[in-house]
Amino acid sequence: MDAVTRNDWTREEITALFDLPFDELMWQAQNVHRAHHAAGEVQLCTLLSIKTGGCPEDCGYCSQSAHAETGVKATKLMDVRAVLQRAAEARDAGSQRFCMGAAWRNPKDRDMDAIIAMIEGVRAMGMETCMTLGMLTPAQAQRLAEAGLDYYNHNIDTSPERYGEVITTRSFGERLETLEHVRQAGINVCCGGIVGMGETREDRVGFVHALATLPRHPESVPVNALVPVKGTVLGDMLADTPLAQIDDIEFVRTVAVARITMPLSMVRLSAGRESMSEATQALCFMAGANSIFTGDKLLTAGNRGDSADANLFAKLGLKPMVAEEPMRVCEAAE
């Protein structure tokens with residue numbers, strides 16, 4: 001672990017950060033950000049659903065859950081060539097990272113050959129690769145590592161205390177177990193969660209604390225704002241209680257606290273940007289967010305689109321992070 005990072009954050013310390021006057025919190029977050037990341041640069045990422053719908057998990061926010069009634073139809077795993085075509089289009093549009101998500105509880109071994117071919121094909125284009133496939137066995141994680149996968153996404157979603165109110169088919173401990181398999185295989189971790197699910201600030205403190213006290217901080221931390229989808233448990237519940245959702249300033253505070261407590265991580269604005277104002281997004285960038293998903297769609301939810309992002313970057317004087325060779329997979333944990 002780098003000397004500038006801490007893994008011993010207490011909940012009291014993180015609560016104190018959330019409680020800071022807003023300008024003081026932003027000042028601290030921006031100073032941490034500039035000490036470890038290039039100012040004014042944002043990584044562009046593209047997310048593709050390579051297998052949609054029919055997931056047996058009961059995540060209360062997810063339109064792809066088989067328990068939800070959202071009209072999302074289950075599909076088979078995409079053809080490798082079709083995935084690589086979409087990756088090439090994303091690269092040509094300026095994306096540096098291509099993320100592929102499958103609505104599975106866990107991948108079947110029979111699907112691994114196709115998954116491996118996707119990873120190898122995207123890396124051959126000079127892009128970073130990320131996969132989210134659900135829970136992994138150690139052997140599956142090792143196969144992904146051998147194929148050169150740069151990142152594996154597996155979110156903790158919310159605080160340990162709130163988790164059971166959102167998901168019952170998979171425990172918080174099982175989430176951490178998959179993260180450990182990923183680490184042991186030497187793959188970089190992408191792990192964050194969703195805010196605005198009716199949680200309290202104490203839950204947001206617990207969410208950040210769980211990430212910031214991992215033995216090694218996630219290299220990538222996506223912060224999602226819930227997109228309430230009719231037919232999901234949370235979508236239907238929050239449709240009647242909109243005040244339970246997070247307000248813009250509290251969302252920015254969450255981004256800032258994530259930046260301060262995990263200074264080396266990429267902090268990504270993920271789902272929910274479509275409904276955010278330009279001013280809110282600008283504050284998130286000031287708070288230390290330095291990665292976004294581009295394009296018109298995130299899995300099944302809408303996204304702002306390339307032209308809207310280009311216009312916002314022009315207004316704010318931001319520039320896309322320069323694409324580099326895919327980073328080496330981190331050394332396997334001992």
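Helices (H or I, at least four residues) and strands (E, at least two) are DSSP runs, numbered from the N terminus. The structure described here is a predicted model, in which local features need pLDDT of at least 70 and side-chain atom pairs count only at pLDDT 80 or more, while totals for chains, interfaces and linings use all residues. Residues are numbered from 1 along each chain as its sequence is written, and side-chain values use heavy atoms, with hydrogens and water left out.

Salt bridges are considered at the outset. Side chains of opposite charge can pair when their charged atoms come close. With a salt bridge defined as a side-chain nitrogen of Lys or Arg within 4 Å of a carboxyl oxygen of Asp or Glu, the structure holds 21 of them. One of these joins arginine 162 to glutamate 165, with N and O 2.7 Å apart. Both residues belong to helix H6 and are separated by 3 residues, about one turn of the helix. Burial is assigned from relative accessible area: buried means under 20%, exposed over 50%, and partly exposed in between (1.4 Å probe, protein chains only). Arginine 162 is buried, at 9%, whereas glutamate 165 is exposed, at 59%.

Another salt bridge is found between lysine 315 and glutamate 278, whose closest N and O atoms are 2.7 Å apart. Lysine 315 lies in helix H12 (residues 306-316) and glutamate 278 in helix H11 (residues 278-286), so this pair ties together parts that are 37 residues apart in sequence. Lysine 315 is exposed, with a relative accessible area of 60%, and glutamate 278 is partly exposed, at 28%. Salt bridges with shared partners also join Asp19, Glu199, Arg201, Arg204 and Glu250 into one network.

Aspartate 150 and arginine 123 likewise meet in a salt bridge, at 3.2 Å from N to O. This pair links distant parts of the chain, 27 residues apart: aspartate 150 is in the loop between helix H5 (138-147) and E4, and arginine 123 is in helix H4 (residues 112-124). Aspartate 150 is buried, with a relative accessible area of 0%, while arginine 123 is partly exposed, at 25%.

Of the 14 residues of H10, 12 are buried, so the helix is largely enclosed by the rest of the structure. Among the buried residues are Glu250, Phe251 and Arg253.

Aromatic rings were examined next. Rings of Phe, Tyr and Trp (its six-membered ring) pair if their centres lie within 6.5 Å; planes under 30 degrees apart count as stacked, over 60 as edge-to-face and the rest as tilted. The whole structure contains 2 aromatic pairs. The rings of tyrosine 163 and phenylalanine 172 have centres 5.6 Å apart and planes at 85°, so their arrangement is edge-to-face. Tyrosine 163 is buried, at 3%, and phenylalanine 172 also counts as buried, at 14%. For phenylalanine 285 and phenylalanine 313, the centres are 6.2 Å apart and the planes stand at 90°, so this pair is edge-to-face. Phenylalanine 285 lies in helix H11 and phenylalanine 313 in helix H12, 28 residues apart; both are buried.
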